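Please load the model in a viewer and keep the selection tool at hand. The stops below are to be taken in order.

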Amino acid sequence: MVNVVPMKRRRPRRVAVLYGAVAADAAPDEQDVLVEVETARAALAALGYAPVAVPITLDLEAARARLLHLKPAFAFNLVESVDGQGRLIHLAAALLDSLGIPYTGAGHDAVFLTSKKTLSKRMLAGAGLPTAPWWEPPADFAGQPGFAGPYIVKSVWEHASIGIGEDSITADPRKLAGILRRRQRRFGGDWFVERFVDGREFNIAVLGGPDGPEVLPAAEMTFVGFPEGKARIVDYAAKWHEDSFEYNNTVRRFDFGPEDAALIGSLREIALACWRLFGLTGYARVDFRVDAAGVPYVLEINVNPCLSPDAGFAAAAARAGLDREQVVERIVADLAGAAPPRRASPVPAASLVGQYGSAQ
């Protein structure tokens, strides 16, 4: 008689799913991270991991103790803000770096550099990548931009279209100080002025892969039935107010005719150049505006963009034939912090300025 020794079942590797703690009365843009957490947890569980949600607050010592207790194989970093502030987004990556825990998505430096829009615009312009001119006003908002309008007022740190509405745009530079003051009173934080590119808007999603970053199908945000004179922008209402005209009439599309082939090719090339410039890993989304002459301008680089099922990244991945588990598996395979940061040489300015026009 042969004695069969039962094999020990291998315990699933534990994964800490980090996210910014959300207050019960938080705005819709903050509440959405809870959907993202559940999406990531379900995908990780399906891949054989044991995911544990870890909310991050300004009590970093508590988060540190929790992570040391969990001893995760790695962390899935979904932190978009800490204490409701986008300017603190990099704290999670810094904490993970200090503990030597590998984590998904962009590394600390890339998170910080891309989250501060004015800093990322300086880097884009310095590398010859096209971005609209901008002005960083003094504390008293005195003075005016040194470029022609129209203008749009935007948050330096916050994403998710926070503070963006039709009243963010003006053609009169004399009105900028008033808009800036109102935004600061209502939302706090820092604000800047950018030339408003009146034209088309595109999102280009990029996903890490075994052969390097893969550009997913290009998406255009279209403004269906917008009346004459209404700003064609993806504002806060378009993203978060489900009963609004903007939400129901801002429609993503993936189908393009041959007349757009050259433009889509340029957007893909610039998105990859952004990935290399900031040393990105995992996944990212680069947002563009394209003017009437067909010149593209980078609006911002979103590292670790939202993975919720109804978000743009998930839509682009589905268009490429990738399901939720495949996307998460590829993000995990491209872990930041598992090896020294990958540094790419800056894109030579001369190589792109001539092709896309001056950033200023």
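Is lysine 121 buried or exposed? In this predicted model, lysine 121 is buried, because its relative accessible area is 1%, under the 20% limit for that class.

**Stop 1**

Glutamate 194 belongs to strand β7 (residues 191-195) and lysine 121 to helix α5 (residues 117-126), so that the pair links distant parts of the chain, 73 residues apart. Glutamate 194 also counts as buried, at 2% relative accessibility.

**Stop 2: aspartate 260 and arginine 200**

Next, select aspartate 260 and arginine 200, which form a salt bridge whose closest N and O atoms are 3.0 Å apart. Because aspartate 260 lies in the loop between β11 (250-253) and α9, and arginine 200 in strand β8, this pair ties together parts that are 60 residues apart in sequence. Aspartate 260 counts as buried at 9% relative accessibility, whereas arginine 200 is partly exposed at 26%.

**Stop 3: glutamate 246 and lysine 230**

Move to glutamate 246 and lysine 230, whose side chains meet in a salt bridge (2.7 Å, N to O). Glutamate 246 is in helix α8 (residues 245-249), and lysine 230 is in the loop between β10 (219-223) and α7 (236-240). Both are buried: the relative accessible area is 15% for glutamate 246 and 13% for lysine 230. Then select Arg200, Glu220, Arg253 and Asp260, which salt bridges with shared partners join into one network. The structure holds 19 salt bridges.

**Stop 4: the nonpolar cores**

Select Leu280 and Ile301, the residues with the most contacts inside the largest nonpolar core, which has 30 residues. Elements giving two or more residues to this core are α4 (108-115), β8 (200-207), α9 (261-277), β12 (283-290) and β13 (296-303). Helix α9 provides the largest share, nine residues. Beyond its neighbours within four places in sequence, isoleucine 301 is in contact with Thr114, Leu124, Cys274, Phe278, Leu280, Arg285 and Val286. Another core, of 28 residues, lies apart from this one; Val33, Ala40, Ala316 and Val328 are among its members.

**Stop 5: arginine 41**

Finally, select arginine 41 in helix α1 (residues 28-46). Arginine 41 is partly exposed, with a relative accessible area of 30%. Leaving out residues up to four places away in sequence, arginine 41 touches Val17, Pro51 and Ala53. The C-alpha atoms of arginine 41 and alanine 16 are separated by 9.5 Å, the two residues being 25 residues apart along the chain.

Notes. Residues numbered from 1 in each chain as written. Predicted model: local features only at pLDDT ≥ 70, side-chain atom pairs only at ≥ 80, totals over all residues. Heavy atoms only, no water. Helix = DSSP H or I, 4+ residues; strand = E, 2+ residues; numbered from the N terminus. Buried < 20%, exposed > 50% of the residue type's maximum accessible area, 1.4 Å probe, protein only. Contact = heavy atoms within 4.5 Å. Core = buried A, V, L, I, M, F, W, Y, C linked by side-chain atoms within 4.5 Å. Salt bridge = Lys/Arg side-chain N within 4 Å of Asp/Glu carboxyl O.
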